[in-house]
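Thanks for coming, everyone. I'd like to walk you through one model today, so please have a look at it first.

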Amino acid sequence: MSKLTKNQKAVAGKVEDGKLYSVDEAAALVKEITTTKFDASVDIDVRLGVDPRKANQMVRGVVSLPNGTGKVTRVLALCTPDQEAAAKEAGADYVGLDEYIEKIKGGWTDVDVIITMPSCMGKIGPIGRILGPRGLMPNPKSGTVTMDVAKAVKEVKQGKIDFKVDKTGIIHTSIGKVSMSAEAIAGNAKEFIATVIKLKPAAAKGTYIKSIFISSTMSKGIKIDPKSAD
């Protein structure tokens with residue numbers, strides 16, 4: 001077994017095994033127990049009582065985090081020339097169409113989100129095998145295929161994220177950075193949890209929210225009382 005570092009020893013025991021923390025307590029605690037020298041991401045894991053293999057129990061949605069994600073999100077807008085100026089003004093880092101499709105075919109994927117228009121999907125389809133595995137394929141359900149590209153760009157830049165339950169029934173996503181205040185982290189967590197609760201499928205039976213954990217990069221998970229998210 002590897003030895004604990006000085007920092008790890010200092011935070012060991014601050015998280016009590018089996019204890020359910022409120023969202024506010026967890027948000028403050030995750031900052032205390034993070035010892036990385038870089039600005040770690042704050043992640044949330046929600047285990048749901050659903051069977052994602054069944055279409056009527058799939059949980060997928062979008063949420064606008066009230067305090068932003070705490071990180072710079074690089075956005076590529078693949079759009080027609082008449083939308084380019086508005087997309088740039090809204091904050092898109094890269095704007096164009098054919099030239100960026102060619103770059104992607106050549107292996108370029110240095111972006112976090114791609115936003116496009118319905119009329120451009122025919123050109124984007126052939127690069128789906130490149131974008132899909134990287135989670136970059138635009139999708140109407142996540143708001144990344146839209147007629148109003150500028151609005152979508154602005155929302156993503158302000159903290160809009162999309163998420164979906166994985167095959168094991170868990171939703172995992174980042175809701176901020178450790179450098180953010182505990183209040184900001186808690187606010188984002190509460191908004192995210194509330195959104196997941198609203199998306200409960202009618203076909204889901206039994207306990208819907210089975211467990212919620214908040215952690216940072218390389219930190220211990222902090223178990224949250226779902227009732228504290230109200």
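**A sheet and its helices**

Before I go on, a word on what you are looking at. This is a predicted model, where local features need pLDDT of at least 70 and side-chain atom pairs count only at pLDDT 80 or more, while totals for chains, interfaces and linings use all residues. Residues are numbered from 1 along each chain as its sequence is written, and side-chain values use heavy atoms, with hydrogens and water left out.

Helices (H or I, at least four residues) and strands (E, at least two) are DSSP runs, numbered from the N terminus. Strand E1, residues 41-48, is joined to E7 by seven bridges, and the two run antiparallel. Two strands pair if DSSP finds at least two bridges between them.

Now the whole sheet. Its four strands come in the order E7-E1-E8-E9, forming an open sheet with antiparallel pairing. Which strands stand at the edges? They are E7 (170-177) and E9 (222-224), each with a single partner strand, so one side of each has no neighbour in the sheet. On average, neighbouring strands here are turned by 25° against each other, direction ignored. For angles, axes are lines fitted to C-alpha atoms, for helices over the stretch in contact, and values run from 0 to 180 degrees between N-to-C directions.

Two helices meet this sheet. H2, residues 23-32, packs on it and touches E8 and E9, its direction making about 165° with that of E9. H8, residues 182-198, lies across E1, E7 and E8, at about 155° to E7.

How do H2 and H8 meet each other? Their axes come within 8 Å and cross at roughly 130°. That makes H2 oblique to H8, given that angles under 35 degrees count as roughly parallel, over 145 as roughly antiparallel, 65 to 115 as roughly perpendicular and the rest as oblique. On the H2 side, the contact uses Val-23, Asp-24, Ala-27, Ala-28, Val-30 and Lys-31, and on the H8 side Ala-182, Ile-185, Ala-186, Ala-189, Lys-190 and Ile-193. Contact here means heavy atoms within 4.5 Å. By class, these residues divide into nine nonpolar, no polar and three charged; Ala, Val, Leu, Ile, Met, Phe, Trp, Tyr, Cys and Pro count as nonpolar, Asp, Glu, Lys and Arg as charged, and the others, Gly among them, as polar.

Which residues of H2 are buried? Val-23, Ala-26, Ala-27, Leu-29 and Val-30 are, and their cover includes H8, E8 and E9.

Let me finish with a residue in E8. Ser-216 lies in that strand, which spans residues 209-216. Is Ser-216 buried or exposed? Ser-216 is buried, with a relative accessible area of 3%. Leaving aside neighbours within four places in sequence, Ser-216 is in contact with Val-30, Thr-34, Ala-40, Ser-41, Val-42 and Val-178.

How values were computed
Buried means under 20% relative accessible area, exposed over 50%, partly exposed in between (1.4 Å probe, protein chains only).
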